[in-house]
Amino acid sequence: MSYQHLLVAVDLTEECDPVIKRAMKLAEPTQATVSLVHIVEPMAMAFGGDVPMDLSQLQQQQFDQAKERMDRLYAKYPSIKRGDSHLKYGQPRQEIHQLAKEQACDLIVVGSHGRHGLALLLGSTANDVLHGAPCDVLAVRLQTKE
Ligand code: AMP
């Protein structure tokens, strides 16, 4: 069985290149669609939810910066169409699952650091996305910097 629509979750760091490249290689033989998704997480969430200041301006800057980085990815990977890319606001697992359902994706591709020790206890986005995913999930192993 070949995949028809791959959804690649990108964190917009240089580490997303191997993840995108792996997805494109997989999609090549059947000319499957490759879509990108990046989730901008609410800043208040990072601070534990209750922040006694207005973060809206900072949040907008974060969103604009993510948009710029997404634009750089379109330029770098011209076979990925702008219409196939998504910039969302929210919690990565929830938004990625919802988008995969909406877009009828049959494979979600994420990067995985193969964490161990304490970092493993803290969990990872790849692990989070795997649980309850509406389709198959491919975790592309990323090199961990020592
Ligand atoms: P992490 O567990 O945060 O180191 O991220 C591992 C992988 O999860 C990344 O390579 C991406 O595939 C995905 N990921 C992490 N953060 C995001 C995000 N904000 N939006 C979309 N995908 C993400």
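## Basis of the description

The model is predicted, and local features need pLDDT of at least 70, while side-chain atom pairs count only at pLDDT 80 or more and totals for chains, interfaces and linings use all residues. Residues are numbered from 1 along each chain as its sequence is written, and side-chain values use heavy atoms, with hydrogens and water left out.

## The sheet

The structure holds an open sheet of 5 strands, arranged in the order 3-2-1-4-5 with parallel pairing. Strands (E, at least two residues) and helices (H or I, at least four residues) are DSSP runs numbered from the N terminus, and two strands pair if DSSP finds at least two bridges between them. Strand 3 (85–89) and strand 5 (136–141) each have a single partner strand, so they stand at the edges and one side of each is left without a neighbour in the sheet. From one strand to the next, the twist averages 25°, where axes are lines fitted to C-alpha atoms, for helices over the stretch in contact, and angles run from 0 to 180 degrees between N-to-C directions.

Helix 3 (residues 56–76) packs on the sheet, where it touches strand 2 and strand 3, and its direction makes about 165° with that of strand 3; contact here means heavy atoms within 4.5 Å.

## Strand 1 and its partners

Strand 1 (residues 5–9) runs parallel to strand 2 (residues 33–40), and 5 bridges join them. Within this pairing, Leu6 has Val34 as its bridge partner, and Ala9 has Val37.

Because 5 of the 5 residues of strand 1 are buried, the strand is largely enclosed by the rest of the structure; buried means under 20% relative accessible area, with a 1.4 Å probe and protein chains only. Both faces are covered, with His5, Leu7 and Ala9 on one side and Leu6 and Val8 on the other.

## Around the ligand

The ligand is surrounded by 13 residues, of which the closest are Ala9, Ile39, Gly111, His113 and Thr125; a residue is counted if one of its heavy atoms lies within 4 Å of the molecule.

A backbone N or O atom of Ile39 lies 2.8 Å from a nitrogen atom of the ligand, whereas a backbone N or O atom of Gly111 lies 3.0 Å from a ligand oxygen atom. For His113, a polar side-chain atom lies 3.1 Å from an oxygen atom of the ligand.

Definitions and conventions:
Buried means under 20% relative accessible area, exposed over 50%, partly exposed in between (1.4 Å probe, protein chains only). A polar contact is a pair of N or O atoms within 3.5 Å; within protein, one must be able to donate a hydrogen and the other to accept it, and residues adjacent in sequence count only if both atoms are side-chain atoms.
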